[in-house]
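Visitor: Hi! Could you walk me through this one?
Guide: Happy to, let's bring it up.
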Amino acid sequence: MDYSPVKGTHDVYGKDASAMEYISSVLKATAELYSYQEIIPPMLEYTEVFSRGTGESSDIVRKEMYTFMDKGDRSVTMRPEFTAGVVRAVVSNKLYANEDMPLKLYYCGPAFRYERPQLGRYRQFNQFGVEEIGLDSARADAECIIMAIQGLSMLGFDKLSLKINTIGDEDSRKKYKDALRAYFASKIDEMCDDCHERLKLNPMRILDCKVDHDQEIAKNAPKMKDYLSEASDKRFYETLSILNDLGVDYEIDDGLVRGLDYYSEVVFEVHALSKDGKDYGALLGGGHYSGLLKELGGPDLAGVGYAMGMERVQSLMSDNGLLDHLETGIDLYVMPVGEESLNDVFVLTEQVRQLGYSADTPLAALKMGAMFKKAEKKGAKFALILGQDELEKGIAQLKNLASKEQKEIKLDHLEEELDAAFEALPGHDEDDCHDEACHCHDHEEGK
Ligand code: HAM
């Protein structure tokens with residue numbers, strides 16, 4: 001029996017778990033700044049949600065879904081992306097009947113794709129994304145794009161590349177697909193088996209083929225921009241003009257078509273390279289869609305959204321030092337001197353936690369050296385040291401583990417003593433202090 005994790009999945013713990021938590025909290029706060037609300041759809045949907053929603057011609061549906069028959073003999077699928085499931089939830093719960101349209105929803109959680117694992121590509125990964133549903137406008141598209149970039153800026157990214165394109169309305173795409181069929185017809189024999197199928201299902205998918213030789217052929221394929229209807233052309237330039245007004249830099253990438261079937265009109269991706277040139281692929285991708293709600297049994301409403309690969313964002317942040325500021329250590333390690341003080345020190349540690357300071361203590365007797373090693377491993381800022389003698393006198397030694405300074409404190413003034421010690425730490429910022437127990441909040445209203 002092999003007890004290693006399933007290929008393409010990984011266990012997240014320690015600093016990585018804190019980083020994920022931090023990234024999702026910043027992205028959620030950004031979405032809330034734009035008046036988005038959270039939606040938590042199930043990870044499991046009936047397979048038709050994705051085959052009809054994400055689209056039969058997408059690689060995701062053709063090759064990458066974790067699909068199985070449940071015990072009731074219904075085909076179910078672990079979500080490979082959120083959009084189709086979120087739209088299904090909007091339809092199932094008739095959220096579109098909400099007076100406050102457009103609906104502005106954000107989500108965060110795992111998605112599953114049976115892909116070949118490589119740098120920035122996993123079989124279970126996390127997405128943060130948004131869907132704005134019910135308003136068909138260039139302004140909604142621009143708001144979605146600016147919010148996506150804003151989220152990354154809040155995380156500290158300053159060099160991002162926004163690639164944008166339009167794949168036009170249905171009519172434009174029909175003409176474009178005909179042109180692609182004509183172009184690839186004479187070349188398809190030299191192309192991969194997947195492309196044979198793509199040509200039948202949707203020749204636009206050939207443009208996403210990863211095979212080098214096929215990419216060479218696709219380079220000279222007709223371009224979408226030459227088949228755009230006047231309305232789609234106008235709409236695209238309206239979106240770009242709003243981005244110009246907002247001062248957002250972009251690059252028009254006329255090869256960008258995105259691999260999912262629901263898109264129409266504007267599509268976009270944001271890319272970034274790490275300092276040492278590592279390319280994790282697109283950090284996020286999205287676009288406008290129409291027809292998806294109707295396809296899943298709802299009214300004919302349009303939407304726009306994006307999703308971000310959180311592991312890619314995390315790796316890039318870590319490579320660029322953007323996670324270095326995350327504190328993972330505890331406030332205090334409480335050290336019982338001698339076995340007889342273990343119980344009293346255990347109780348005292350609980351009191352320290354009730355004051356709002358994170359704390360730990362050994363649950364069995366340890367030598368001083370071993371306790372200092374543990375405190376260091378846990379990144380404790382202070383050690384609180386006491387044995388039976390000190391307990392009887394109502395005192396303890398408080399040692400700053402960075403400066404090594406040590407002072408005696410009175411246990412019946414524990415709160416004041418700890419507050420004073422933490423306030424005196426270098427870098428303690430009143431505005432940034434989240435510790436409600438700390439004295440630096442005393443000047444706040446009513447205190
Ligand atoms: P997507 O381009 O398939 O779009 O995925 C969005 C992001 O998820 C990618 O840019 C990438 O960062 C991340 N991602 C995708 N696959 C993997 C993987 N195997 N491992 C790690 N990260 C991955 C969508 O999913 C659409 N639902 C986005 C959207 C929302 N469009 C409109 N609304």
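Predicted model: local features only at pLDDT ≥ 70, side-chain atom pairs only at ≥ 80, totals over all residues.
Visitor: Okay, in what order do the strands of the open sheet come?
Guide: Eight strands form it, in the order 1-5-6-11-10-9-7-8, and the pairing is mixed.
Visitor: And which strands stand at the edges?
Guide: Those are strand 1 (37–38) and strand 8 (251–252). Each has a single partner strand, so one side of each is left without a neighbour in the sheet.
Visitor: How does strand 8 pair with strand 7, parallel or antiparallel?
Guide: They pair in the parallel sense, over two bridges. Look for Ile 164, whose bridge partner in strand 8 is Ile 252.
Visitor: What about strand 9, how many bridges join strand 7 to it?
Guide: Six, and strand 7 (residues 161–166) and strand 9 run antiparallel. Ser 161, for example, stands opposite His 271 in strand 9.
Visitor: How many bridges join strand 9 to strand 10?
Guide: Seven, and that pair runs antiparallel. Val 270 has Leu 284 in strand 10 as its bridge partner. The hairpin of these two strands has five residues between them, and Gly 277 there takes a positive phi near 85°.
Visitor: Why is strand 9 largely enclosed?
Guide: Because 10 of its 11 residues (263–273) are buried by the rest of the structure.
Visitor: Switching topic: which residues gather in the patch of negative charge?
Guide: Glu 339, Glu 340, Asp 389 and Glu 392 gather there, on the surface.
Visitor: Where does Glu 392 lie?
Guide: In helix 14, which covers residues 388–393. Glu 392 counts as exposed because its relative accessibility is 64%, and the cut-off for exposed is over 50%.

Technical notes: Residues numbered from 1 in each chain as written. Heavy atoms only, no water. Patch = residues over 30% accessible without salt bridge, like charges linked within 9 Å, V, L, I, M, F, W, Y side chains within 5 Å. Areas by Shrake-Rupley, 256 points an atom, 1.4 Å probe, with all protein chains shown as cover. Salt bridge = Lys/Arg side-chain N within 4 Å of Asp/Glu carboxyl O. Lys, Arg positive; Asp, Glu negative; His and termini not counted. Charge placed at Lys NZ, Arg CZ, Asp CG, Glu CD. Helix = DSSP H or I, 4+ residues; strand = E, 2+ residues; numbered from the N terminus. Buried < 20%, exposed > 50% of the residue type's maximum accessible area, 1.4 Å probe, protein only. Pairing = 2+ DSSP bridges.
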